[in-house]
Amino acid sequence: MTTSTATTPSRAPMTGFAAQVLLIALLALTAGLTLGGGIAGITYGVVLCGLLGMALQRSGMTFLGWANLVTFSRAILAGGVTALVTSSVLGHPVPVWLLVTIATVALAMDGVDGQVARRTGTTSELGARFDMEVDAFLILVLSVYAAVTYGWWALAIGIFRYAFVAASWALPWLNAALPPKFSRKVVAAQQGILLVVVASGLLPFWAGAGVLAVALGSLTWSFGRDIAWLHKASQVRAAAQTRWSSSHREPALAR
């Protein structure tokens, strides 16, 4: 009996979970993860692979695709960073060089998945959303690591995007499409880079705090500009809808 490949679900989530468990095991042997760190890494893997599996099923995709495989690899590395940061937060010193190396590789691969998708003609809404969520979570975890040393205000760098999503539930106009802006991409990309520089411990405290302030300031400017544009666009749409409704109501009243 054979099964059509057109309906065979992707095995990538299960394979990826196995890779996540292997990475956590290797980190436990080399970095001495705490129990909490190991649990955090495995839990992350369960949630990641579960959500990815559901997303693939909803989209009807039976193959993850090369670009999404690159993003999935980045996501698995983010799970390793999660385990290391959790162990550090719980008071167990972790090798900074290992944390920085894994995070740097994950960030460096960020530009690869997009290029692969464009060159292979496999760009998709799922791929773009997957890439964005991996970036956001990695920045959140790195901001937690920075907050332990520099104060919890640094956590705002990682929370910003999630706060924006939460606000969009109450304010639907925040969900409107934004015009492409190169500066938005630059600000987003620099967050991870600056957080890794701070995490390396190479900067004196005052310089590290300054770098975090620059990251948070640029992020505030970027989100603030987008929110202002979205609000103005919502007012323009509302005014246009009001005019349209009025123009169609008057003839009806005349009759």
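In which helix is Glu133 found? The first point takes up this residue, and the later points turn to the chain and its helices.

1. Glu133 is found in helix α6. The model is a predicted one, and in it Glu133 counts as partly exposed, because its relative accessibility is 23%. Leaving aside residues up to four places away in sequence, Glu133 touches Arg161 and Tyr162. Of these two partners, Arg161 is listed among the buried residues of α7. Glu133 lies 73 residues from Gly60 in sequence, and the C-alpha atoms of Glu133 and Gly60 are 20 Å apart in space.

2. As to the chain as a whole, the protein has 9 helices and 0 strands. Its elements, read from the N terminus, run α-α-α-α-α-α-α-α-α. The C-alpha atoms fill a box of roughly 80 × 65 × 35 Å, taken along the principal axes. Of the 255 residues in the chain, 37% are buried. Among contacts between residues at least 6 apart in sequence, 79% join residues at least 24 apart.

3. Helix α2 covers residues 35–59. It has 25 residues and reaches 36 Å from its first C-alpha to its last, close to the 36 Å expected at 1.5 Å a residue. The buried residues of α2 are Gly37, Gly38, Gly41, Tyr44, Gly45, Leu48, Cys49, Leu52, Ala55 and Leu56. What covers these buried residues includes α1 (12–31), α3 and α6. Just after α2, Gly60 takes a positive phi of about 80 degrees.

4. How do α2 and α3 pack, and at what angle? Helix α3 spans residues 66–89, and α2 packs with α3 at an angle of about 155 degrees, the axes being 7 Å apart. The two helices are therefore roughly antiparallel to each other, and α2 passes α3 in a right-handed crossing. From α2, the contact is made by Gly36, Gly37, Ala40, Gly41, Tyr44, Leu48, Cys49 and Leu52. These meet Phe72, Ala75, Ile76, Ala78, Gly79, Thr82, Ala83, Thr86 and Ser87 in α3. By type, the residues of the contact of α2 with α3 divide into 10 nonpolar, 7 polar and no charged.

5. Helix α3 also packs with helix α6 (residues 125–150), here at an angle of about 20 degrees and with axes 10 Å apart. That angle makes α3 roughly parallel to α6, and α3 passes α6 in a left-handed crossing. On the α3 side, the contact is made by Asn68, Thr71, Phe72, Arg74, Ala75, Ala78, Val81, Thr82, Val85, Ser88 and Val89. On the α6 side, the residues are Gly127, Phe130, Asp131, Val134, Asp135, Phe137, Leu138, Val141, Leu142, Val144, Tyr145 and Val148. The residues of the contact of α3 with α6 divide into 15 nonpolar, 5 polar and 3 charged.

6. Is Ser87 buried or exposed? Ser87 has its place in helix α3, and it is buried, with a relative accessible area of 0%. Not counting residues up to four places away in sequence, Ser87 touches Leu33, Thr34, Gly37, His92 and Val94. Gly37 is one of the buried residues of α2, and both Gly37 and Ser87 are listed in the contact of α2 with α3.

7. Ala106 lies in helix α4 (residues 96–108). With a relative accessible area of 1%, Ala106 is buried. Its contacts, not counting residues up to four places away in sequence, are with Arg74, Leu77 and Leu138. Two of these partners, Arg74 of α3 and Leu138 of α6, also take part in the contact between those helices. Ala106 and Gly38 are 68 residues apart along the chain, and their C-alpha atoms are separated by 19 Å.

8. A last point concerns helix α7, residues 156–170. This helix has 15 residues and reaches 20 Å from its first C-alpha to its last, close to the 21 Å expected at 1.5 Å a residue. Ile157, Gly158, Arg161, Phe164 and Ser168 are buried in α7. Arg161 is also touched by Glu133, which is found in helix α6.

Key:
Residues numbered from 1 in each chain as written. Predicted model: local features only at pLDDT ≥ 70, side-chain atom pairs only at ≥ 80, totals over all residues. Heavy atoms only, no water. Helix = DSSP H or I, 4+ residues; strand = E, 2+ residues; numbered from the N terminus. Expected span 1.5 Å × (residues − 1). Buried < 20%, exposed > 50% of the residue type's maximum accessible area, 1.4 Å probe, protein only. Axes fitted to C-alpha atoms, helices over the stretch in contact; angles between N-to-C directions. Parallel < 35°, antiparallel > 145°, perpendicular 65-115°, else oblique. Left-handed = near helix turned anticlockwise from the far one by under 90°. Contact = heavy atoms within 4.5 Å. Nonpolar A, V, L, I, M, F, W, Y, C, P; charged D, E, K, R; others polar.
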